[in-house]
Amino acid sequence: MSIDSLLKTALIIGGGQGIGLGFVRQLLAQSDIDRVYATYRRVESAAELLAIDNPKLHCLQMDITDESQIAAVIQAIQAETKTLHYVINSAGVLHEGEMQPEKSLRHINSEQLLRYFQVNSIGAMLLFKQVQPLLKHDARSILATISAKVGSIGDNQIGGWYGYRASKTALNMFIRTTAIEYKRTCPNAILVALHPGTTATRLSQPFQRNVPPEKLFSVDRTVSQLFTVMDGLTPTDSGEFFSWDGSKIAW
Ligand SMILES: NC(=O)c1ccc[n+]([C@@H]2O[C@H](COP(=O)([O-])OP(=O)(O)OC[C@H]3O[C@@H](n4cnc5c(N)ncnc54)[C@H](OP(=O)(O)O)[C@@H]3O)[C@@H](O)[C@H]2O)c1
């Protein structure tokens with residue numbers, strides 16, 4: 001076997017900042033990774049990604065709510081390679097401009113609910129559809145989508161955050177259902193939803209006040225923990241929902 005055939009390629013969605021950018025950095029540092037494709041949405045918030053000077057890195061602009069943009073990214077990758085070994089979807093929204101997670105029923109409005117589903121659930125589903133050809137190969141590959149424990153129905157004891165919670169629940173169903181189809185079409189791909197734990201990023205920033213310091217992870221720590229979980233996955237884990245410590249989370 002040639003050295004080239006041992007080298008791996010990765011695609012990180014939402015690599016512009018936060019956990020996604022952390023994945024990009026750690027993948028670039030791995031000697032068995034040959035190429036990292038990183039997508040970002042807004043140039044303004046992807047300055048750190050775009051400043052990385054590394055020949056392994058290819059940055060592509062993409063809004064996950066637009067299927068034609070996802071298809072264009074996949075086409076650009078297919079022009080260079082036929083195989084991806086890691087696909088990690090870290091794009092997600094909790095608050096954006098005026099949009100804040102709903103504390104109670106009086107904050108519910110359909111526009112905001114639609115936005116949560118559009119980015120956190122439907123966008124991911126379109127990605128699972130479009131990326132499939134790049135996961136049809138003989139090597140082990142991982143398709144992980146960053147979900148959130150608050151999307152667990154069984155674990156929901158405190159309520160609130162209606163749209164974000166439900167959009168992550170829908171995301172979990174989408175990855176579970178896709179995993180069943182991929183078992184036939186891409187049998188070497190392992191598909192999982194991952195809960196990163198509370199991580200110090202822009203997304204969690206307004207909600208960090210009541211989080212004890214030992215429970216607020218740095219991006220680097222979260223990414224290392226999620227790599228440990230992914231490294232331990234076997235084909236029977238496909239379609240499951242894992243926490244950062246490797247434990248399974250109730251649906
Ligand atoms: N941080 C936590 O404590 C925590 C806990 C549980 C789950 N999560 C999940 O972890 C994932 C990563 O979040 P994070 O904490 O790293 O937050 P973050 O720093 O806000 O990063 C979110 C990323 O998603 C991108 N994004 C948002 N809308 C998008 C769209 N329409 N198309 C493409 N990309 C889009 C953002 O791009 P822009 O920069 O252009 O906005 C940004 O790069 C999310 O799915 C989040 O729900 C985070």
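At what angle do helix α3 (residues 67–78) and helix α4 (residues 110–131) pack, and how far apart are their axes? Keep that pair in mind while setting up the view, and remember throughout that this is a predicted model.

**The whole chain**

Begin with the protein chain as a cartoon, in which 6 helices and 7 strands can be picked out. Followed from the N terminus, the elements run β-α-β-α-β-α-β-α-β-α-β-α-β. With the C-alpha atoms displayed and the view turned along the principal axes, the chain fills a box of roughly 60 × 40 × 40 Å. The radius of gyration is 17 Å, which agrees with the value near 18 Å that a compact globule of 251 residues would have. If you colour by burial, 40% of the 251 residues count as buried. Among contacts between residues at least 6 apart in sequence, 69% join residues that are at least 24 apart.

**The pair α3 and α4**

Now select residues 67–78 and 110–131, which are helix α3 and helix α4, and hide the rest: the two pack at an angle of about 35°, and their axes lie 10 Å apart. The crossing of α3 and α4 is right-handed. To see what makes the contact, show side chains for Glu67, Ile70, Ala71 and Ile74 on α3, and for Leu126, Leu127, Gln130 and Val131 on α4. The residues of this contact divide into 6 nonpolar, 1 polar and 1 charged.

**Around the ligand**

Bring the ligand back into view and select the 27 residues around it, of which Gly18, Arg41, Ser45, Gly92 and Leu203 come nearest. Which helix gives the largest share of this shell? Helix α1, residues 18–28, does so, with 3 residues. Coloured by residue class, the shell shows 10 nonpolar, 13 polar and 4 charged residues.

**Strand β3 and Leu60**

Next select strand β3, residues 57–61, and centre on Leu60, which lies in this strand. Leu60 counts as partly exposed because 17 C-beta neighbours fall inside 10 Å. Setting aside residues up to four places away in sequence, Leu60 touches Tyr37, Thr39, Val73 and Ala76. A distance drawn from the C-alpha of Leu60 to that of Leu7 reads 21 Å, for two residues 53 apart in sequence.

**The loop between β5 and α5**

Move on to the loop that joins β5 (141–146) to α5 (162–185), where Trp161 lies. Is Trp161 buried or exposed? Trp161 is buried, since 21 other C-beta atoms lie within 10 Å. Its backbone also deserves a look, for phi of Trp161 is near 50°, a positive value in a residue other than glycine.

Asp155 is found in the loop between β5 and α5 as well, and with 13 C-beta neighbours inside 10 Å Asp155 counts as partly exposed. Beyond its neighbours within four places in sequence, Asp155 is in contact with Lys149, Ile249 and Ala250.

From Asp155, draw a C-alpha to C-alpha line to Ser247: the two residues are 92 apart in sequence and 14 Å apart in space. Ser247 has its place in the segment after β7 (240–243), and is exposed, with 9 other C-beta atoms within 10 Å.

**A last stop at Arg209**

Finish in the loop between β6 (189–195) and α6 (219–231), where Arg209 is found. Why does Arg209 count as exposed? The reason is that Arg209 has 6 C-beta neighbours inside 10 Å, while a residue is called exposed if that number is 12 or fewer. From Arg209, a line to Gln69 covers 37 Å, C-alpha to C-alpha, between residues that stand 140 apart in sequence.

Definitions and conventions. Residues numbered from 1 in each chain as written. Predicted model: local features only at pLDDT ≥ 70, side-chain atom pairs only at ≥ 80, totals over all residues. Helix = DSSP H or I, 4+ residues; strand = E, 2+ residues; numbered from the N terminus. Rg over C-alpha atoms; globule rule 2.2 N^0.38 Å. Buried ≥ 20, exposed ≤ 12 C-beta atoms within 10 Å, placed from the backbone. Contact = placed C-beta atoms within 7 Å. Near = placed C-beta within 6 Å. Nonpolar A, V, L, I, M, F, W, Y, C, P; charged D, E, K, R; others polar. Axes fitted to C-alpha atoms, helices over the stretch in contact; angles between N-to-C directions. Left-handed = near helix turned anticlockwise from the far one by under 90°.
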